[in-house]
Each structure stands twice: as structure tokens, then as C-alpha cells.
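Subject: Structure handover

Hello,

Here is the structure I said I would pass on. Please open it alongside this note; my findings follow below.

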Amino acid sequence: MPSSAEIIRSMDEISDTVCSVIDSAELCRHTHPDREFVEEANKASMRMNEYLHYLNTNHKLYAAVKKAEQDGHLLSREAHRAAHHLRLDFEKGGIHLSSDKLDRVNQLNIDIFRLCREFGENISIDPGHVDVFPASRIPKHIHHLGTSIDHVTSGISTRLLGSSNNVKQKGLRITTEPRTLVSVLQWTPDDEVRKMAYIKGNSVPHANLEVLDKLIAARHELAQIMGFRSYADFMVKQNLASSPEVVTSFLCEMSKMVRPKADKEFEMIMNFKREKCGQECVALEPWDETYYTAMMKGSAHSLDSSIVASYFALPQCIEGLKVLLKSLFGATFDNVPMAPGESWHPDVLKMCLHHPEEGELGYLYLDLYTRKGKYPGCANFAIKGGRRLSESEYQLPVVALVCNFSGSLSPSLVRLNHWEVETLFHEFGHALHSLLSRTDYQHFSGTRVVLDFAETPSNLFEYYAWDYRVLRTFAKHYSTGEVIPEKLVNSIQGARDMFAATELQRQVFYALVDQTLFGEQSSSPKSTSSVVADLKREYTSWKHVEGTHWEVRFNHLINYGAGYYSYLYARCFAATIWKKLCQDDPLSLNTGTALRTKLLQHGGAKDPSEMLNDLAGGGILKHCNGGVVPDMTSFLEEFKVLKD
């Protein structure tokens, strides 16, 4: 048996080798334009998952890790933390169970993996659609979102005379995938069309009702075999919150704080609708929200999205990321040529993060433009984690930032809406967490941290996309070069704040749905749809629409099962850090040094509550019933939710 330090080093090397294959396969299957590559990456991903089960049930490895953890005094603090986490990872796979229970856990893990895959595939296969006749019911500027269809009707008068005079009516078939649905709900004055699109978009794919039921059952059985009351209990245990009770009390407290303002906002929208419709008692429906709030924001702040976008040409936004790097960390992003076959698409750029004194710090691929068959959202993919190889050598982290920015123009002329700029900065926060981390073990590299801390750096970097002092350094008009006017930025901020409580209430509701579905199961369970309907009535100002099953395409139930609350944790932590550390001088090198040395460089190698306290001082979090909850004061103050 090697020494404890060697055991942990070897285990991390095994993990590094396995992760480099799994992570590359993940990136490939989500982004590669060649179907053959995607299929092979899918197969590799399935095979690697099976291989992981084999490693995670290897008793020799488990015994070695337990020995290393017991010899804690022989290890550095980070190595001991790694030993502890590795043991917990083994036990999460059920290695400590009897062989029949372990067999069942392995089978459940395989079933869960397949059900998660199926859930996502169903969303892609069945986005739903509505047929709208005549096409004029949809505003002309969004006709490109649909496809033309014809509808043949027979003329009545001619049929009576024994001949037919068929009339062709032009219509539009609109798919109800989320992005198109939002455009239809925002721009279509015809409330019947909005209603049709809303109901369809919130009830497909129907097949996922069964998939979700099976997934909830499998995850619950897995948790119970592992000795937990529920899947939420099983998942939250290792997080800062430490128990579902702590999470739920945090969410309920936030819900209570937000409710009065959200109710006021609801009344405002209701009154605005009545004003527009000229009816005293017209009800406010869920399909009205996007339409009327967009109209209210537009008229209150004179915002024209095309004018806003004219200041955010994508190449300029990338310059903005470079400004942040230079100002905060004294580092630069340099374009690097790629080896033959290294890139998966001509649009992909490779950048090297370089520091004048420290040399190369890591590599970032940028794959920012939309294309057919590509991962639909925005995400940060780890490709290689950083780790110390020797006293003088460090394995540099490699990540890919993947987005889907589009425009009818050529890629170099793509211009972003402000929410897309915010998304770019969010994902860049994740990338920096990986690129700037300097951990001894890749097990702790960058974003490999507990779930309810992971979104903190990305939420913090969103603030930079809203601050005029930052925006004026890169947001310039694509044709005149004029710097974005401060008045326009104030309008964008004003529009964001107009219905902030409604949006926050929605996030609390999503998190409660996630906690409830994966929480303790009753002996006579209700359908997922009735659970969602009840929670919507109780925790939001809006009514539930019968026949809709919004949860069937809420992908976060798959990726974050019982962890969606993490976003709200992160937003609270980020708000406190911004207020205490960044707000006075967001681009100072001192701010960047503190962020890097006290937070980003440690990845998961230190206890997150220790890092947060070290960075922001007391008052960023509090201990509650054995877990940690963020202080929400700074966050709620921003949205003027707290009473004066």
C-alpha cells in the first residue's frame, strides 16, 4: 500500500484521466456539426458511465481512500479534504452497501441516467406547434419564426349550386420551443393566439409526464436504499444548506418578503391591461404577462431593443471581457492558432489567458454562434481541470464557453440584446472560476465545488454587464463608434427593475417545485401537475392554467434535481460581494486581487463558507439548523423589496 499522499495523488490522476474523456465527449456531443462525431461521443459517454460504475464499486480503491483519510495528520489540508470528498463520492455510489443493495443502486443509477437523457431528447423531438390562420394574426416582423401553411375552405354559395370554389387561406405554423414562444407572447396583440401558444408551449412534450414520474420514483428509491428520507435529503446533505428543511425555510422566507411587491406589480399589469382593453372586469391571464410587461417597460423607458443591440456588436462584447481581465487581474486574452483537427467548427476561437509575470494561465475556446444541431442554450464546458504536477509544473485548465447568438447578419456583425450580454458575462464568470483556480488536485479545480456555491462567481460577473463604468469601456455603436449613452443604460436598468419582484417570485416557485417533487413522497402521491398547480397558487400572484404541464420541459429538474435553489443562494452571495467589494470601484486591480486570491483560485479546495467570510467579512451568511443560508439583505435591497 503506497503512502496516503501517493494514494490521493494517484486517485486524482485516475479521476483526471476519466474526466478528460467524459468532458471532451460531453462537449463533442453537444457542439459537433458532424452527426458521426456526435453519435460516437454519445457511445463514449455511455461506456464511460458504465466504466465509472466499475471504478466507483472498486473495493481496493475505496479501502485505499479510507486509509488515507484516517491518516489525515500525514496530509496537507487540501489532500485531507480530497480524501474526505473521495470517500463520500464512493459512498454516494453505494460501495458500503450489501451486494444485493449495491446491484440495485447500480441499476437505478443506469435507469436515472437513461431517463435524464430521454427527458432532454423528448424536449428536442417535440417542441409543439400551433397553426395560426390567417397569418396576419402574427406581427410581420416575427413571421420568420414560423413556416407558411395553407388551409383550404370551401365556399358555401357555390357548393349550393353544385360546384366547388375552394378558398386558400395563408397561415403560419409556429413551433412553441421556448425562445420562439417568448417572441410570440411578447409581440402578438391577438390574445387568442397568445393563449393557444402559451397552452401548447406549456404542455409539451406530453411523453415527459411519464418520464418524470419514473425519474422521481427511481431517485426516491435510490435515496432510501442509501439511508436518506428523500432524494432532496440525499442531494442537499453535502451542500452548504445541508438539509431540505434549511432550503425550504430560506425559500419560504424569501417568498414572504417578495409577496407584497409582487402583488403590487400584478395589480399594475392588471390595470394597464384594463386601460388598453377598455374593459372594467377583464381578468389578467398568464399569457398576458410577457406582452403587457414588455409594452409597459417600452413606454416607461422608451426602449427600442434594436437601438440597445446596436451598441453590443459581439466582437465589442469580447473586447469587454478582455477589459475585465486586464483591469481586475492584469491578464490578457490572446488568440491562439489551432492544430489541424483541433477545432470542431470554423467559427470557434481559441484564446490563451496570459499573465505578464505568471505566464500562461489556461485556455478558453469560444463557440458563440448558433447553428443547427448545436446545444441550444449557453453553457461552460470543462475540458481539462487544473492540477499541480510538481513543484514547478502545473496542468493548465481548458474550458469552452458555448453560446447561441444569432442574427441575420454574418457572424462578425452579430449584435446582442442586453440580456444576451448578461448571459455572456455570466458564463465568463464560470470560465474564470476554472481558468484562475490553482488547486493541487483537479478534483477541486474551478467549478468543482458544492452546488449551492457553484453559481456565485457567474452571478457576480453579471453585475459587470449592468454597470455603466464597465459598459462605457466597450459598448460602442457598431457604425459610428459612439460610446453607449448613460441615459440609455439607466433606461435598461429601469426596465429590469420594473417587474423584479414578479421574476424573483417565479424563481422561488421554480425552486420550491424542485424541492417538493424530489422531497419526501406521500403514500398517496399527487400527480406532478397538481403539485405544480398547488405551489403556483400558493407562492405566486398568478393563476395556474388547467391542462398545462410546465414541468415537462423544465430541464433543471434533470440537471439540478433538488438543487435549483442554488441560483438564489448564489444571487444573495453575489449581491453582498458586489456591494462590499466591487461597487465602489468595480474595475480596480485591488478588487480583482481579492476576488482571485480569496475566492477564484481555491476552486473547491477550501470550505466555501470560510472563503465567503474571508472575502466579504461577516454578514454574508448565517448558520441555521445545522446548515448555512445566505444573508438576503443586499440582494432584496437591490430590488427595493425590503420595506423602508
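A caution before the details: this is a predicted model. Everything below is computed from it.

Salt bridges

The count comes to 38 salt bridges.

Start with Arg229 and Glu245. Their side chains meet at 3.2 Å, N to O. The pair links distant parts of the chain, 16 residues apart. Arg229 sits in the loop between α9 (207–225) and α10 (231–236), while Glu245 belongs to helix α11 (residues 244–277). Arg229 is partly exposed, at 39% relative accessible area. Glu245 is partly exposed too, at 40%. Both residues also belong to a network of salt bridges that takes in Asp233 and Glu520.

Next, Lys67 and Asp71. Their closest N and O atoms are 3.1 Å apart. Buried or partly exposed: which is Asp71? Asp71 has 18% relative accessibility, so it counts as buried, the cut-off being 20%. Lys67, at 26%, counts as partly exposed.

Arg496 is partly exposed at 32%, and Asp497 is partly exposed at 22%.

Aromatic rings

Searching the whole structure gives 30 aromatic pairs. Which residues do ring pairs link into a cluster? They are Phe509, Tyr510, Trp550, Phe554, Tyr560, Tyr564 and Tyr567.

Two charged side chains lie over ring faces. Arg415 is over the face of Tyr478, 3.7 Å from the ring centre. Lys350 is over the face of Tyr363, 4.9 Å from the ring centre.

Cysteines

How many disulfides are there? The count is zero. Take Cys624. The closest cysteine sulfur to its own is that of Cys252, 12 Å away, which is too far for a bond. Cys624 is partly exposed, with 21% relative accessibility. Cys352, by contrast, is buried at 4%.

Helix α24 and Thr591

Helix α24 covers residues 589–598, and Thr591 is found there. Thr591 is buried, at 5% relative accessibility. Its side chain makes a polar contact of 2.8 Å with the side chain of Ser588. Beyond its neighbours within four places in sequence, Thr591 is in contact with Leu328, Tyr464, Leu581, Cys582, Asp585 and Pro586.

The buried residues of α24 are Thr591, Gly592, Ala594, Leu595 and Arg596. What do they pack against? The helices are α14 (314–329), α17 (456–462), α23 (566–582) and α25 (608–616). The strands are β5 (349–355) and β6 (359–369).

Ser634

Ser634 is in helix α26 (residues 633–638). It is buried, at 10% relative accessibility. Leaving out its neighbours within four places in sequence, Ser634 is in contact with Ala575, Thr576 and Lys579.

Backbone points to check

Two peptide bonds are cis. One joins Phe133 and Pro134, with omega about -15°. Pro134 lies in the loop between β1 (129–132) and β2 (146–154). The other runs from Val204 to Pro205, with omega near -5°. Pro205 is in the loop between α8 (191–201) and α9.

Ser302 has phi of about 45°. Ser302 lies in the loop between α12 (289–301) and α13 (305–309), and is exposed at 64% relative accessible area. Ala562 has phi near 70°. Ala562 lies in the loop between α22 (556–559) and α23, but is buried at 1% relative accessibility.

Best wishes

Technical notes: Residues numbered from 1 in each chain as written. Predicted model: local features only at pLDDT ≥ 70, side-chain atom pairs only at ≥ 80, totals over all residues. Heavy atoms only, no water. Phe/Tyr/Trp six-rings, centres within 6.5 Å; stacked < 30°, edge-to-face > 60°. Lys NZ or Arg CZ within 6 Å of the ring centre and 35° of its normal. Salt bridge = Lys/Arg side-chain N within 4 Å of Asp/Glu carboxyl O. Buried < 20%, exposed > 50% of the residue type's maximum accessible area, 1.4 Å probe, protein only. Helix = DSSP H or I, 4+ residues; strand = E, 2+ residues; numbered from the N terminus. Disulfide = S-S within 2.5 Å. Polar contact = N/O pair within 3.5 Å; in protein donor to acceptor, adjacent residues only side chain to side chain. Contact = heavy atoms within 4.5 Å.
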